[in-house]
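Morning, everyone. Let me put the model on screen, and then I'll walk you through it.

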Amino acid sequence: MKAVHFGAGNIGRGFIGLLLHDAGYEVVFADVNAELIDALAASDHYTVHEVGDGARDRRVDRYRAVNSQTDAAALAAELADADVLTTAVGPNILRFIAPHVLQALRDRAPDAAPLAVMACENAIDATSLLRDETAKLAGPDEWLELERRAVFANTAVDRIVPGQPGESGLDVTVETFSEWAIERPPFGDAPPPIPGAHFVDRLGPYIERKLFTVNTGHASTAYFGFLAGHERIAEALADPSVAARVERVLEETSALIVAKHGFTAEEQAQYRATILGRFRNAALPDTVERVGRQPLRKLGRRERFIGPAAELAERGLPVDGLLDAVEAALGFDVPADPESVELQQRVRTDDAETIAREVCGIEPGHPLHDRLVAAVTRRTAS
Ligand SMILES: NC(=O)c1ccc[n+]([C@@H]2O[C@H](COP(=O)([O-])OP(=O)(O)OC[C@H]3O[C@@H](n4cnc5c(N)ncnc54)[C@H](O)[C@@H]3O)[C@@H](O)[C@H]2O)c1
Ligand SMILES: O=P(O)(O)OC[C@@H](O)[C@@H](O)[C@H](O)[C@H](O)CO
């Protein structure tokens with residue numbers, strides 16, 4: 001069995017590559033980072049170091065590495081007979097992976113078993129987005145033929161993998177917790193054999209609970225923590241004023257998760273406590289800069305703040321904590337992050353209505369609109 005995985009970064013090496021390796025796949029890492037690909041190609045293993053309760057080291061070997069920018073022929077050869085294609089590149093990069101998926105399907109024998117395609121990104125319906133980007137490149141007639149050669153399944157991926165210090169080489173430090181939920185129905189009776197993954201009939205509750213609890217809480221900690229002058233996530237959450245604001249945000253998103261997906265309030269409270277414990281893991285060197293990265297993406301309409309806030313407002317439920325976090329996000333000023341630079345530029349030059357509409361996707365008339373504009377105004381006016 002062979003899996004081609006795009007994105008040999010933190011989650012690629014520290015989670016998806018590890019699980020595919022443990023499932024018995026030959027793993028082929030594809031990435032555009034030449035230094036990383038050369039290092040992988042020159043090595044015969046790396047180690048995933050877990051930190052926290054029950055931690056152990058895990059060895060990953062039997063992999064190959066291909067530079068997907070410069071070695072199209074090698075990539076196409078690897079993809080032609082792959083069983084699985086996964087990504088962990090970031091949702092905004094999926095459109096650059098689409099041409100590779102298209103090529104893989106064109107080169108695939110029509111009678112071969114379909115390629116299992118799973119995007120492992122922090123976004124709702126990321127695999128569907130990759131499929132749609134691929135279909136656009138093919139055109140409707142060709143796509144009718146090609147789409148039979150693949151199964152596209154959405155997934156939710158949860159494991160905190162911080163940025164890795166330069167001296168760690170290919171090794172990756174991760175938390176012990178992990179969950180990879182994959183929707184089962186697209187595979188019928190034959191899901192790909194990945195014992196470490198969890199196949200579910202309905203992914204919606206899993207991805208929304210994960211994105212609107214883990215990632216909303218994480219990003220809130222990052223933005224409140226950044227403004228309070230903290231560098232690390234664990235340190236930010238040890239600050240009582242940050243912790244109180246994060247808890248208020250998570251109480252709001254929990255109300256949505258319970259009302260919408262049928263988890264009990266007790267189950268959700270337990271889930272919330274577990275994730276806050278994960279953020280507090282001081283052995284995990286995670287920073288507010290990594291967790292807050294790409295604030296424009298995180299302030300998007302289907303993302304971790306505006307997604308739940310819009311639905312809560314539609315239901316007449318409280319959103320003040322979420323709007324507090326949005327206001328904090330607008331203060332995320334990190335010169336090394338291009339989206340932060342663009343956001344700061346917009347905060348200086350755009351009015352609040354424009355930011356609400358163009359960054360957050362909230363139009364006048366939506367029940368969130370006026371309160372969102374008021375929150376943005378507090379930052380743009382300051
Ligand atoms: N790190 C985590 O804790 C974590 C957990 C769950 C999900 N995720 C999600 O996984 C995805 C990746 O996150 P990460 O933390 O591993 O980021 P990362 O920056 O460590 O890794 C991304 C990798 O993608 C590569 N890449 C960029 N453009 C590419 C292209 N066109 N083709 C092939 N490779 C390309 C980069 O070179 C990099 O090696 C994101 O969607 C993120 O939200 C991350
Ligand atoms: O990867 P992002 O930028 O969408 O979000 C940053 C972190 O919240 C995220 O990477 C978490 O560590 C991860 O989602 C935990 O499962």
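First, a convention for residue classes: Ala, Val, Leu, Ile, Met, Phe, Trp, Tyr, Cys and Pro count as nonpolar, Asp, Glu, Lys and Arg as charged, and the others, Gly among them, as polar. A residue joins a ligand's shell if its C-beta atom, placed from the backbone, lies within 6 Å of the ligand.

Ground rules next. This is a predicted model, where local features need pLDDT of at least 70, side-chain atom pairs count only at pLDDT 80 or more, and totals for chains, interfaces and linings use all residues. Residues are numbered from 1 along each chain as its sequence is written, while chains are lettered from A and ligands numbered from 1 in the order in which they are written.

Let's begin with ligand 2. By class, its shell holds four nonpolar, four polar and three charged residues. Who are they? Asn122, Asp158, Arg159, Ile160, Val214, Asn215, His218, Ala219, Val291, Arg293 and Gln294. Helix H7, residues 204-227, gives the most, with four residues. Helices here are DSSP runs of H or I with at least four residues, strands are runs of E with at least two, and both are numbered from the N terminus.

Which domains supply the shell around ligand 2? Domain 1 (2-201) and domain 2 (205-380) each give at least three residues. Those bounds come from an automatic or database domain assignment.

Now ligand 1. Its shell has 26 residues, and the closest are Gly7, Gly9, Asn10, Glu121 and Asn122. Two or more residues come from each of helix H1 (10-22), strand S2 (26-31) and helix H4 (94-107). H1 gives the most, with three. By class, the shell around ligand 1 splits into 15 nonpolar, eight polar and three charged residues.

On to the domains themselves. Their C-alpha centres lie 28 Å apart. On the domain 1 side, 15 residues are in contact with 16 residues of domain 2. Contact means C-beta atoms, placed from the backbone, within 7 Å. The side of domain 1 that touches domain 2 has nine nonpolar, four polar and two charged residues.

What does the record say? UniProt, in an unreviewed entry, annotates residues 1-194 as "domain: Mannitol dehydrogenase N-terminal". That span is 33% helix and 27% strand, with its end C-alpha atoms 11 Å apart. UniProt also places "domain: Mannitol dehydrogenase C-terminal", again from an unreviewed entry, at residues 203-344. Here the span is 70% helix and 0% strand, and the end C-alpha atoms lie 35 Å apart. A caution: such annotations may be inferred rather than shown by experiment.

Whole chain, quickly. There are 17 helices and 12 strands. The radius of gyration, taken over C-alpha atoms, is 21 Å, which agrees with the value near 21 Å for a compact globule of 382 residues. That globule rule is 2.2 Å times the number of residues to the power 0.38.

Arginine 62 has a positive phi, near 55°, without being a glycine. It is found in the loop between strands S4 (57-61) and S5 (63-67). Aspartate 125 also has a positive phi, about 60°, and is not a glycine. Its loop runs between strand S7 (115-119) and helix H5 (126-138).

Definitions and conventions: Two residues are in contact if their C-beta atoms, placed from the backbone, lie within 7 Å.
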